[in-house]
Amino acid sequence: MTRFRPCIDLHSGQVKQIVGGTLDSSTAELKTNYVSQHSAGYYARLYRDHGLEGAHVIMLGPGNEDAAKGALAAWPGHLQVGGGINDQNAALWMERGASKVIITSFLFPGGKFSQERLDAVLAALGGEKDHLVIDLSCRRRGDDKWFVAMNKWQTITDMEVNQESIKSLEPYCSEFLIHAADNEGLQKGIDEKLVQKLAEWCSIPVTYAGGGRNIDDLELVKKLSDGKVDLTIGSALDCFGGTGVKFDDCVAWNAKQAGW
């Protein structure tokens, strides 16, 4: 059943909400919706206290490791961690308290998918695919075509997100995380077609992020995906300075779906 999944996006050591398509190496071009005065650990405790499982902590660029470790220390074993994860540090982040690690860019050297690298990450995790989330964050190219985007969503890879690619990756991971980078941070609505397709293609859990703006979007994702796709809402949340969605309403949504 569709659930609200929270996030902790880290940039330069701070919790931020960023317009995804502007996240390049130039700070002059970076568009930020919100910079929190609270630590990553604060949000981890908030999610812990409300029983919000499956949250992802994403390190957007350098300078975020201490903040990520602070989040994991606040709720060990319950937060997924991504951003700069590779075969050399995946096990380390599990030891630091991550429930799962999330990988994207490492799988695409030079923008081309590497099965060898995926095998290496899984081997580093002792072959435990339950500890691995593959992030297929993507950008739209033409009508109803999406390609995986890496390097802070600025580099388009050779992998189209479609039934073939999803099925080829499912044996290696326990779930997918999909940011629609063109929608991320804009609060202009979700990519409805992508949500429908993800529900059609995926047989393991999948979380969609990008464009969520109000509580009705949770109902919309539930309807479009027949309850198969979870939704992350970021910039629109009141706990991230937004006005579209109350955090407490998202908590209540999850409780209602669970029949509490």
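A salt bridge is a side-chain nitrogen of Lys or Arg within 4 Å of a carboxyl oxygen of Asp or Glu. By that definition the structure holds 14 salt bridges. This is a predicted model, in which local features need pLDDT of at least 70 and side-chain atom pairs count only at pLDDT 80 or more, while totals for chains, interfaces and linings use all residues. Residues are numbered from 1 along each chain as its sequence is written, and side-chain values use heavy atoms, with hydrogens and water left out.

**Salt bridges**

- Side chains of opposite charge can pair when their charged atoms come close.
- Arg3 and Asp230 form a salt bridge, at 3.5 Å from N to O. This pair links distant parts of the chain, 227 residues apart: Arg3 is in the segment before β1 (7–11) and Asp230 is in strand β13. Helices (H or I, at least four residues) and strands (E, at least two) are DSSP runs, numbered from the N terminus.
- Arg3 is partly exposed, with a relative accessible area of 30%, whereas Asp230 is buried at 6%. Buried means under 20% relative accessible area, exposed over 50%, and partly exposed in between (1.4 Å probe, protein chains only).
- Lys145 and Glu160 form a salt bridge in which the closest N and O atoms are 3.6 Å apart. Lys145 sits in the loop between β8 (138–140) and β9 (146–150), and Glu160 sits in strand β10 (residues 155–160), 15 residues away. The relative accessible area of Lys145 is 39%, so Lys145 is partly exposed.
- Within helix α6, Lys197 and Glu200 are 3 residues apart, which means a separation of about one helical turn. Their side chains meet in a salt bridge of 3.8 Å, N to O. Lys197 is partly exposed, with a relative accessible area of 23%.

**Helix α7**

- Helix α7 covers residues 215–225, and its buried residues are Asp217, Leu218, Val221, Leu224 and Ser225. Seen down the axis, these fall within an arc of 135 degrees, so they line one face of α7. The arc is that of the directions from the helix axis to the C-beta atoms.
- The buried residues of α7 are covered by elements including α6 (192–201), β13 (229–232) and α8 (247–258). Contact here means heavy atoms within 4.5 Å.
- Exposed residues Asp216 and Lys223 are carried on the face of α7 turned away from its buried side.
- Lys223 has a relative accessibility of 71% and therefore counts as exposed. The C-alpha atoms of Lys223 and Val195 are separated by 10.0 Å, and the two residues are 28 apart along the chain.
- At the start of α7, a side-chain oxygen of Asn214 comes to within 3.1 Å of the backbone nitrogen of Asp216.

**Cysteines**

- A disulfide is a covalent bond between the sulfur atoms of two cysteines. With the cut-off set at a pair of cysteine sulfur atoms within 2.5 Å, a search of the whole structure finds 0 disulfides.
- Cys239 is in no disulfide, and the nearest cysteine sulfur, that of Cys7, is 8.2 Å away. Cys239 is buried, with a relative accessible area of 16%.
- Cys250 is also in no disulfide, with the nearest cysteine sulfur, that of Cys239, 8.2 Å away. Cys250 counts as buried because its relative accessibility is 0%.

Notes: Polar contact = N/O pair within 3.5 Å; in protein donor to acceptor, adjacent residues only side chain to side chain.
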